[in-house]
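Good morning, colleagues. Please look at the structure on the screen while I describe a few of its features.

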Amino acid sequence: MTSTLVSPETVRPLMTNRQVAALVLLLTSQFLMAADFSLLNVALPSIGVELGFTQGGLQWIATAFALCAAGFTLVFGRVGDYAGRRRVFIGGMAVLAVASAAGGFAQSPTPLLVARALQGLATAAITPVSMALLTTTFTEPRLRARALGLNSVMMSSGFVFGSIFGGSLTDLLSWRWAFFINIPVAVAAICLIRFVVPESVSDERRSFDTPGAVLITAGMFGIIYGVTDTAAAGFTALNSASLLGGCVLIGVFWAVEKRTTDALVPVRVLRIPDVAIGNATALFIFGGETALIYFTGIYVQDVLHYSPLASGLVLLGIGVGQILAGSFGPRVIEAVSPRTLLGLAVAGQGAFMLPMVWATEDPGWLAWVIAAQFVNGAFSMLALISFMMIATSAVSVDLQGMATGVATQSQQVGQTIGIPLVSSVFVASAGAAAAGSGGQLHGIHVALLVDALTLVGVGALVFLVFRLRGHAAPATVEE
């Protein structure tokens, strides 16, 4: 009789029951955070009318959230390393519940803007520590790839779902329910997380880098405000000073971190090629996809004159593509490695934006748009999974909060500046064309052509850089 020996490498590892429960809870929270980013966008006109926002003031509902979400992410990720990631998660969920209640009951612009800023702070706390809890719960490489793949699916589908469900809530109930819906989910997460997710904290107890935290937060505020306001109003003295000041503060932050023993972000980590390349690429992945979603809505509603609900249904093409790619993405990464896949996926993401460049006012184009965006969504998901694997695999467990904080900040900065930057191309090209939907369509064509070609170029560059550096995984950097 002969026996067959099975190599350990061929046995696919299984999750424990507790890991499954932790995964469900953490993925639900990530879905909520992603949906919250876009949930109110389609309800802005209704909010403006009911609460008396000016046209210029209405953009601050999104900007107040984005400034806090992107500005504080890195800080809270590092706080989680020191104070306990589960503890920061619970605090962030508590703030989210309170802020959502305040926003839902707001009767004037100021309380609503304060509530939106607090929601941004909650997102800045919850998102990086959720990611860190995932990466510390799933340390086996194949389980981690599977968990990060599902996480990317939830984040991406949450963003699309928020755009769709926000319109449905506004039409059927009220825009206030876009706030209220967060409360039961946040309360349930606070009650359950103690039972399914163990506390995770760095073994190294060090002092908190307050100067670094202040500098990076103020610098991100300056850059993000400068970019968003410049896209909306053109260059002014205020937004130009904000951009310049933000860049200077980031430069000072880098200089301070090089001389700080307990740095918020050790400069040696940012100098790791994989970390630097991965996070720089993430800006384009998220910024490009956010702009595509935004201009698809303009095309469906303003050019084809369909309803917001129809616009949301068209976007399901992206969502379904991302969900399917998230299910097989980890197996693709096992076969070709994330460093090989990242550039190819980003280039594919850009290539399947191009059909929008030839879209016309004929509704028959929607079938081509949906098909192309299905493939685009699949490539964007493969890029997301590859990016997260690269960004978190080069550092030790003690630095996971920092690593996921940097990765999450890259995501949120990309989402925040993607639309304003591509919109500036749209405004310039649409203004030079004929008035009406024809001008808008021309603007969409040019804006998405620039978006698509940028992603194809970035993807090709990333692929070539990693090919030249070889495919071997980098050594892990310790605390």
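How many salt bridges does the count come to by this rule, namely a side-chain nitrogen of Lys or Arg within 4 Å of a carboxyl oxygen of Asp or Glu? The count comes to one salt bridge.

Before I continue, a word on the source. This is a predicted model, in which local features need pLDDT of at least 70 and side-chain atom pairs count only at pLDDT 80 or more, while totals for chains, interfaces and linings use all residues. Residues are numbered from 1 along each chain as its sequence is written, and side-chain values use heavy atoms, with hydrogens and water left out.

Let me return to the salt bridge. Its partners are Glu50 and Arg176, whose closest N and O atoms are 3.0 Å apart. Glu50 belongs to helix α2 (residues 44–51) and Arg176 to the loop between α8 (141–172) and α9 (177–180), so the pair ties together parts that are 126 residues apart in sequence. Helices here are DSSP runs (H or I, at least four residues), numbered from the N terminus. In general, side chains of opposite charge can pair when their charged atoms come close.

Are the two partners buried or exposed? I use buried for under 20% relative accessible area, exposed for over 50%, and partly exposed for what lies in between, with a 1.4 Å probe and protein chains only. Glu50 is partly exposed, at a relative accessible area of 46%, whereas Arg176 counts as buried at 12%.

Thr73 has a relative accessibility of 0% and so counts as buried. Along the chain Thr73 is 54 residues away from Thr127, yet their C-alpha atoms are separated by 7.8 Å. Just after α5, Gly84 has a positive phi of about 115°.

Now to the helix pairs. Helix α6 (residues 85–105) packs with helix α7 (residues 109–137) at an angle of about 155°, and their axes are 8 Å apart. The axes are lines fitted to C-alpha atoms, for helices over the stretch in contact, and angles run from 0 to 180 degrees between N-to-C directions. That makes α6 roughly antiparallel to α7, a term for angles over 145 degrees. Their crossing is left-handed, meaning that the near helix is turned anticlockwise from the far one by less than a right angle.

In the second pair, the axes of helix α16 (residues 338–351) and helix α17 (residues 365–393) come within 8 Å and cross at roughly 150°. Helix α16 is therefore roughly antiparallel to α17, and the crossing of α16 and α17 is left-handed.

The loop between α15 and α16 contains Ser337. Phi of Ser337 is near 80°, a positive value in a residue other than glycine. Ser337 is buried, with a relative accessible area of 19%.

Finally, the surface. Which residues form a nonpolar patch there? They are Leu313, Leu316, Val320, Leu324, Phe328 and Phe374, with about 500 Å² of accessible area together. Patch members have over 30% relative accessible area and no salt bridge, and nonpolar side chains (Val, Leu, Ile, Met, Phe, Trp, Tyr) are joined within 5 Å. Helix α15 (residues 308–336) gives the largest share of the patch, five residues. Leu324, found in helix α15, is partly exposed at 43% relative accessible area.

Key:
Patch = residues over 30% accessible without salt bridge, like charges linked within 9 Å, V, L, I, M, F, W, Y side chains within 5 Å. Areas by Shrake-Rupley, 256 points an atom, 1.4 Å probe, with all protein chains shown as cover. Helix = DSSP H or I, 4+ residues; strand = E, 2+ residues; numbered from the N terminus. Parallel < 35°, antiparallel > 145°, perpendicular 65-115°, else oblique.
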